[in-house]
Amino acid sequence: MTELAIELRNVTVTYQTPKGEIPALEDIQLKVTPGEFVALVGPSGCGKSTILSLIAGLFEPTYGEVFVKGEQSGRHQCRIGYMLQQDFLLPWRTVLDNANLGLELQKDRGKETLVEDLLKTYGLEKFLHHHPTELSGGMRQRVALVRTLAVDPDIFLLDEPFSALDYQTRTTIQEEVWQALKSRRKTTVLVTHDVGEAVAMSDRVIVLTSRPAKVKRDLTIEFGKEHPGPWQARKSKGFVDYVDLIWDELREYVDRETPAGKGET
Amino acid sequence: MSTIPRQQYLQKMRKEKWLIILTQAFILAAFIVAWEVMASARIIDPFLFSRPSQIIELLLKLAREGELFHHVAVTVGETLAGFFLGTFLGLLTAILLWWYPSLARLMDPFLVVLNSTPKIALGPIFIVWMGNGYGAILTMALTISVITTITVIYSGFTEVPEGYVKLIRVFGGNRWEILRKVILPASVPTIIAALKVNIGLTLVGVIVGEFLVSKSGLGYLIIYGGQVFQLTLVIASIVILAVVAAILYQFVAWFERRWISNPSSGSARVRVGSGG
Ligand SMILES: Nc1ncnc2c1ncn2[C@@H]1O[C@H](COP(=O)(O)OP(=O)(O)OP(=O)(O)O)[C@@H](O)[C@H]1O
Ligand SMILES: [Mg+2]
């Protein structure tokens, strides 16, 4: 049996605040094999970002255990690239310096040209020396994406990375990011509100219940033997069925919120 | 190549700027002339209110005798020493408080009490402890400025959005890197604001110290002039003090312009774009 890239065993998280307890996760089981692309979907506020923060080792679960490449998370050696839900670009740094932050902190020198190339790929070549306040929401998100891609980690955690992009840009970047991650056999966990995006990009979609999150459905996505990439996947026969299936799972939460993306799939 | 509306806009800005400067100069000149005229017409008593011509005369005389420069130098020297020491100690303490949050919680009530105590009241104690000299003056200036510096800068540190800290941790950065890459740069505007307040507070401390020690400096000239009923000397010293304060303030403002070369960095420091 191959070593798992990520494993959550009976993970429960309860946030303690002065006002009271907030149960966020309840007895979550999750196994991600190396090179796998897994999407997490669920009603908003259910605990998706909490799962990513646990894997990144930012804090420990209240109960249960989190393993990254067989090591307890937080003490793991392998690199994790975590793209946070908000971009948190440092306003006093230029676009280029922001994109370089990850490399800088990981003491990875000599990759500056890589960052510039990435920024160019994502259409930011005219803004290298601008400050984040001069960028649109979508451009900011692309800078944050480059910042994460540049450190070239083994495991990617992406928290709604494409949400601020317009539909056309989003489709293009989904394809590019997917190609980049798959060709280098990166393990990826993607959090998204967009059911179509989840189905098009992933090998597996995990549907979570509302808070406290439990695993409601673990659905393997297959479009033939090899995953054809998001662009082809959208045109594949089974695509709509998968989307409807997941949509049915989420339907009971619709009263409380309308996940974005349904209209765009 | 600028467009015509752009040129018109720039011209309007220039015109407005000059109009303001001219009006300001006019107000100052009118004030001085009115003062002089009223004093010579005996509407106000020149013995109590002095008059601009006498003040200038006295300043020239003091300058010729070299005494003026001595007193100005003493006050400026003490102020600069107090300012740099106060800023350094204040910044260092604020960093310590940030580094050890439990220390900050522990110190909080003490800082609040110290901050609202009139530190000037401690002056006589410092003279007894440090002797009647520069030591007491510097301690006075430091006591007044340092507590405020600590409070202002530390609260600036705590207002830095938590997400920036999370970002550094996500990339494996340690506490030292959080301080260097996020906390300090995000607090630059707060630190500058603290420096500006600090200049004023240090001057207050130095002048009060010189009142008490009464040996040299502008504070000494003021208290001496008052005691011998030479109001011209008092007002002349205050004028110089105002000039010194303005120059020191400009020095911080110049520093600010150099440090924050990008104008967007200050005002926008807490804007966090939602990537989602
Ligand atoms: N640091 C915290 N302290 C207290 N409660 C928290 C904290 N972080 C998250 N929560 C709560 O835990 C729950 C889950 O939060 P989380 O951010 O993981 O949800 P999410 O699924 O990512 O939401 P969204 O879809 O809005 O991004 C929320 O109800 C939130 O209020
Ligand atoms: Mg979230």
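Which residues surround ligand 1? Select the shell and you get 14 residues, the closest being A:Gly45, A:Lys48, A:Ser49, A:Thr50 and A:Gln85 (a residue counts if one of its heavy atoms lies within 4 Å).

Before going on, a word on what you're looking at. This is a predicted model, where local features need pLDDT of at least 70, side-chain atom pairs count only at pLDDT 80 or more, and totals for chains, interfaces and linings use all residues. Residues are numbered from 1 along each chain as its sequence is written, chains are lettered from A and ligands numbered from 1 in the order written, and side-chain values use heavy atoms, leaving out hydrogens and water.

Now zoom in on the ligand's oxygens. A backbone N or O atom of A:Gly45 sits 2.9 Å from one oxygen atom, and A:Gly47 also has a backbone N or O atom 2.9 Å from a ligand oxygen. Next, show the side chain of A:Ser49: an N or O atom there is 2.7 Å from an oxygen atom of ligand 1.

Colour α1 (48–55) of chain A next; α1(A) gives the most to this shell, with three residues.

To see one of them, select B:Glu177 and A:Lys107, whose closest N and O atoms are 2.7 Å apart.

Conventions. Salt bridge = Lys/Arg side-chain N within 4 Å of Asp/Glu carboxyl O. Polar contact = N/O pair within 3.5 Å; in protein donor to acceptor, adjacent residues only side chain to side chain. Helix = DSSP H or I, 4+ residues; strand = E, 2+ residues; numbered from the N terminus.
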